[in-house]
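Let's take a walk through this structure together, one contact surface at a time. Have the sequence and the 3D view ready as you read.

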Amino acid sequence: MSGLLLAVVLVPLLLAPLVVHPAWRWLVLIAPLPALASLALLPPDATLELPWLLLGTALGLDETTWVFLLFTTLVWSLAAVPVVERLGTAAGTGRFRLLFLLALAGNLWLILAREPVGFYVGFAIMGLAAYGLILHPGGLMRRRAGRVYLAMTLIGELALFVALLLMAQTQGVTWSLPATSAPDGTVIALLLLGLGIKAGLMPLHPWLPLAYGAAPAPAAAVLSGAMSKVALLGWLRLLPLGQVALPEWGMLFVWLGLVSLLVALGVGLVQTDPRRVLAYSSISKAGLFVLLLGLLLLEPTLTPIGVGALTLYAAHHALVKSGLFLGLGLRDLDPARPLVRAGLILLALALAGAPLTSGALAKSVAKPVLVSPGWIWLDLALMLATVATMLLMARFVWLIWPAPGVDDGHRGALPMLRTSNDTQAPVGSQPAFPIWSLAAWILLLGLVAGFPFVLGEPSAWPTNAGAMLIAGLIAAPLALAIWRRAPGSGRRVRRRSLGDLVVLIEPILAAQLWTGRALFGRWNATVEAARAHLYSLGERVGSPPPDPERTLRAWPTAGWLWLGVTVLLLLLVLVAP
Amino acid sequence: MNLDPYLPLAIVLSSALPGALIFFLGEDSYRLRTALNLFGALLKIILVGWMIWGVFHGHVYESRLTLMPGLELVLSADALSVLFVALSTVLWLVTTIYAIGYLEHSPNRSRFFGFFSLCVSATVGIALSGNLMTFVVFYEILTLATYPLVAHRGTPDADHGAKVYLAYTMSGGVLLFVGAVWLQTLVGQLTFTQGGLLGAAPEALHGQFILIFFLLLAGLGVKAALVPLHGWLPQAMVAPAPVSALLHAVAVVKAGAFGIVRLVYDVYGVEFADDLGLLTVLGVLAATTIIYGSLKALSQDGLKKRLAYSTVSQVSYIALGASVLGPIATIGGLVHLVHQGIMKITLFFCAGNYAETLGVHKVSEMNGIGRRMPWTTLAFTVGALGMIGIPPVAGFITKWYLGLGAATAGAYWVIVVLLVSSLLNAAYFLPILYRAWFRPPPDQWPEEAVLSKRLETAPALLWPPVVTALLAVVAGLLAAAPFSPLEWATLIAEREYGR
């Protein structure tokens, strides 16, 4: 029966080459089914030993894995619907579907892996395959996003590789993940680097807004909902949580997390593209995860509550964030559809952690950990972050609000969406609204809406009410502005609505601009000057000789070179003891 | 009757005899030549399978011919020789099929296949050599048998490349010979012994041992393309694709690397070499070669040239594994002997396919080639990802063991070398993959030939890379399965360290 675990990984892998053919694209929907089946049918501690695979591996479930597998599978299944229905059969979509399934297989494999090599293999497959998802369907901006993503992903993978090597060195070639002893500082630093890139922790985040902004809706959904959560899973498994207190590392995590949490919210508030707003909200959530991990490193006794809270938080964030991206995809087809707008607002509220939503539940579960050190500055910072998150979501709602007659207001924000739609739909014919994608999305909405009531106590429901009130007071002018916006006069009103907000936003914006200029203006100029200088240097020297190695390759030169090297090394051997 | 003493000899002759016969065939006897080629290759596979089974169960196979007292030609099979024999035998079969497809309409086929078979016989002889003198003999035969293959096309370029090749390898051969003779006068018959045979020698000889090591290393380093002795390799790129594939994956380069492994483990003994400080020397040379080769590969536009520099870099992983003390690093180096072979031969097959089918020789011409030749490009992708060390392709297993061995031995600089090399490999392979899969194809290929009605190219050209790519994935995925390259390398390391 536990052979089903192998099918979870194997079925997407085997289907991947088949879905290239447009006629078989529906097979994408089949790929996540074994994962759903194993969630339903297998006991929550099923294990499958595969001693012949890789360096000897095993697949299995435990409590954390089960939850991760659940929400990951849900996100991938629901994102698969628009992949089949909306992406169509144009050139390049076969490649997209193939890589979609490869990334899915990698993601599921690493979740189920019971030892680090399996985890790494899944991690690498997923990371590389996702490159092709970001790139689809091409264009300069996506190429740039893809390049940044690929470079950072490779660096992250190598960092993780070395971390696992160093861990394996102390514990044998393979080891079972939960039984880690306290690793040394290098390992923790490498884990922070390697997985921090995947999570989008500041300052390792540059790929993330680019990728989320460029990727098609289903790809952004799985990137934000499923793939970036892998970092948290890795940390939960590889960090020595609950075994020893590591005060220095704990404080570092807390501060890194806090900086990421607050700065990302600030940067997110000034974005003009709703996708980037969501991207920065993801970065801030990564900060929250790292902050919580830091608190657990400080106080190991909290680990059982903390791990549960983090897992729940990850589930909530995965569903909501992927829902938002899928919803944006639907909205781009028909901005005026009120159902989509209402759904997006519900999701935005959940992400903001408004009372009675999954966000509030997640917050209330995490609260014991967050208040554990009893630092007043941390409480204040978290309060600020909560309010800022709500404002960020208000900003998001404002950006997606269909402004009648203000197309030009939105054009700047969504150029690449327009082009992507243009390439998908033949000019002149309005494509039918993707009804199955909508249905899948509504199912996801139901899951998010039911989340707090199924999983949470009533006492958790009103969490964040106070923060909501404050945020509401701050955001009221904005809401008012949107409310008062009259049809046909969008542009003027839009400016006026900005005027209303000026009191609050403008000083922040101005300050940001000034500090930015003060901090980076000089830097940018210097970098530019240096670059120009380098180029001119290159021109002055002239083009390099066709093959500078040629002289080196002449046999006499090589011979003398070898003699020289020999003498040098000989001296080394004789001198060194 | 006990056939065991004849088995190593039979394995060498199974390709040498058909090769000798092929020389006498006319150009037109296509069927007979192909039949002879395939017969030799299949026979060899069967014999090698027999030998693998026997060596695993501890049998001893040894063919011995005394030339004069104190100078014997010995062919014998230990676990290490079997690893190399199995690799060259399997890849020879694949390459033969590929070469038959590749050279179908070109002149001088009998000459080509004759030397081709001799080349593999020499390689197998190197693998099965039981002492250093036998090794030197086959090493020289290999040099001579490969020269006509490099010069095969007969163009001025080919002539020049072949001359450079000969100058390098003959000089290297002389150094190797001098070193071997010198060593033999000091300690007598140099039978390859697990754990080394010099460790017990009196301490007064240690100074000479160090000098001899440099001589031998220079001789082997030429074929193994250690910087600065690598100059011939990029120029030998003028050879036809099957020759390049064989040169880089099985025969010449690999023979040098195999010789270094023999030198360190079975002549000096890895612990004795470490005592003399020679492992550090080897490590520095290997690391330099790895980084330098990758850097050079970055700037090459010619696909085969880029692959050639990649070989320079990748083969030194084997030497790097030998230069780190400890069984895990040894496993990493040994297993790369096989892994590099199957991955690199895949890449060269693909390069040959691009050139033959579309006339594409340069990286900059490869835009959208994945649409036109998806299977070839898929195989190329597997090979390239394996070179970078992306799991689950075999290269990852190498990297893991080398890194782990280095960490265990405390040689953290090796991990840094591995990291830099991985990044550089990514930097020169991923742009190719990007072009091939994500750029739109050009309106017209440089020189398109229709080689097959149904397939993207001729079947004899298509199947070999697909099969070797599959092997590369299987070697990585099933690394822990019995009789995988990794398990076999582990067996060798156990026997080497577990005396």
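How many residues does the contact take from chain B, and how many from chain A? This is a predicted model, and in it the contact takes 34 residues from chain B and 34 residues from chain A.

Start on the chain B side. Five helices of chain B each supply at least two residues to the side that touches chain A: α6 (156-187), α7 (206-224), α12 (278-298), α17 (394-409) and α18 (412-438). Of these, α18(B) gives the most, with eight residues.

While you are on chain B, the UniProt record is worth a look. Its unreviewed entry lists residues 129-424 of chain B as "domain: NADH:quinone oxidoreductase/Mrp antiporter transmembrane". In the model, that span is 77% helix and 0% strand, and its end C-alpha atoms lie 36 Å apart.

Now move over to chain A, which is divided into domain 1 (1-184 + 199-226) and domain 2 (319-408 + 435-518). Here the contact takes 16 residues from domain 1 of chain A and 12 residues from domain 2 of chain A. On the domain 1 side, α4 (63-85) and α10 (217-227) of chain A each supply at least two residues, and α4(A) gives the most, with eight residues. By class, the side of domain 1 of chain A that touches domain 2 of chain A has 12 nonpolar, two polar and two charged residues.

Terms used: Residues numbered from 1 in each chain as written. Chains lettered and ligands numbered in written order. Predicted model: local features only at pLDDT ≥ 70, side-chain atom pairs only at ≥ 80, totals over all residues. Domains from an automatic or database assignment. Contact = placed C-beta atoms within 7 Å. Helix = DSSP H or I, 4+ residues; strand = E, 2+ residues; numbered from the N terminus. Nonpolar A, V, L, I, M, F, W, Y, C, P; charged D, E, K, R; others polar. UniProt positions renumbered as here; feature names shortened; annotations may be inferred.
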